[in-house]
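I am opening my notebook for this chain. I want to look up charged pairs, a helix and a few single residues.

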Amino acid sequence: MANGSRQAVWEFFGAELKRRREDAGITQVELGLRVFVSGGYIGQFEQAIRKPQLDVAQRIDEALQTDGIFERLCRKLIDDPRYADYFAKAAELEALATKICEFAPALVPGLLQTAEYARAITLAMNPFAPDEYIEEKVSGRVERSRILRDATRPQYWVILHENVLRIPVGGAAVMAEQLEYVAGLARRRAVLVQVLPYAAGAYPVMTGSLKLMEFEEAPPTAYTEAVYSGNLLDDPAMVTRAQSAYDLMRAAALSPEASLALIDSAAEDFRRCASTT
């Protein structure tokens, strides 16, 4: 489903939710209490600003006695072939965030990936997939990164483990281009980048990646990801723990200036390697 078509259906979802709620004589706050979210969330659903998770859509159907219409719409909308099922909701929230703090243990995060780097990762994970599938996944990565070029782009703070700078994804030329791209974004102050060096030793999040997202009118969330699985956390206690873990890694990381120097050095090494092959 094209992005414009998806947005139109989300807008229909919101308009239909508002109509059904008002027909039932229920306020946003009252409906929020029944489905265990805030009244402000209901208002954002109705304006298609924020998208409900599947379990919330199911509870809305139950509260308004709408025979499963919102569950069916939600299932249709979250089935985006560009993203893994476990990441689709996080991708939706990413576009709404006012601030994103991310930790990447082994790969350049999707928001910072060049097309060639994304293609190399996708091919490594799907060596028998047809070209159409590969390009669909790559286009999803590239489209996500557009939020960093928007006038209303979120503050984006990323910590890269030194692994990210050393693993030659796609070969030396691809890595040189990728690292130069990240360094360029940092120099333009579009992102703030730190590197967690090998010398830092053990760190709090050693089993996967971590993304923290803040929003203008909604509580913060955390997203963690491991192999073929992801977990979106909105419980305040869990989000606070994730934020504390991120703060510890930020304290152990190199300064932005030292990090940029290390990225430049790694890019230069890869560029030199590419020129001799």
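Entry 1: I began with R272 and D269, whose side chains meet in a salt bridge (3.1 Å, N to O). I noted the cut-off: a salt bridge is a side-chain nitrogen of Lys or Arg within 4 Å of a carboxyl oxygen of Asp or Glu. R272 and D269 both lie in helix α12, 3 residues apart, about one turn of the helix.

I then checked the cover of both. R272 is partly exposed at 44% relative accessible area, and D269 is partly exposed at 37%. Buried means under 20% relative accessible area, exposed over 50%, and partly exposed in between (1.4 Å probe, protein chains only).

**Ground rules.** This is a predicted model, with residues numbered from 1 along each chain as its sequence is written. Local features need pLDDT of at least 70 and side-chain atom pairs count only at pLDDT 80 or more, while totals for chains, interfaces and linings use all residues; side-chain values use heavy atoms, leaving out hydrogens and water.

**Entry 2: helix α12.** Helix α12 covers residues 256–275, 20 residues in all. Helices (H or I, at least four residues) and strands (E, at least two) are DSSP runs, numbered from the N terminus. From first C-alpha to last, α12 reaches 28 Å, close to the 28 Å expected at 1.5 Å a residue. The expected span is 1.5 Å times one less than the number of residues.

Which residues of α12 are buried? I found S259, L260, L262, I263, A266, A267, F270 and A274. They cover an arc of only 160° around the axis, so they sit on the same side of α12. The arc is that of the directions from the helix axis to the C-beta atoms. The face turned away from this buried side carries the exposed residues E257 and S275. I also looked up the packing partners: the buried residues of α12 pack against α9 (162–166), α10 (172–187) and β3 (192–196).

Entry 3: How many salt bridges does the structure hold? I read 17. One of them joins R21 and E46, with the closest N and O atoms 2.5 Å apart. This pair links distant parts of the chain, 25 residues apart: R21 is in helix α1 (residues 3–23) and E46 in helix α3 (residues 39–46). R21 is buried at 7% relative accessibility, and E46 is buried at 11%.

I found another between E135 and R119 (2.9 Å, N to O). E135 lies in helix α8 (residues 131–144) and R119 in helix α7, so the pair ties together parts that are 16 residues apart in sequence. E135 is partly exposed, with a relative accessible area of 36%.

T66 lies in the loop between α4 (54–64) and α5 (69–78). T66 is buried too, at 4% relative accessible area. With neighbours within four places in sequence left aside, T66 is in contact with R20, I60 and D61.

Conventions. Contact means heavy atoms within 4.5 Å.
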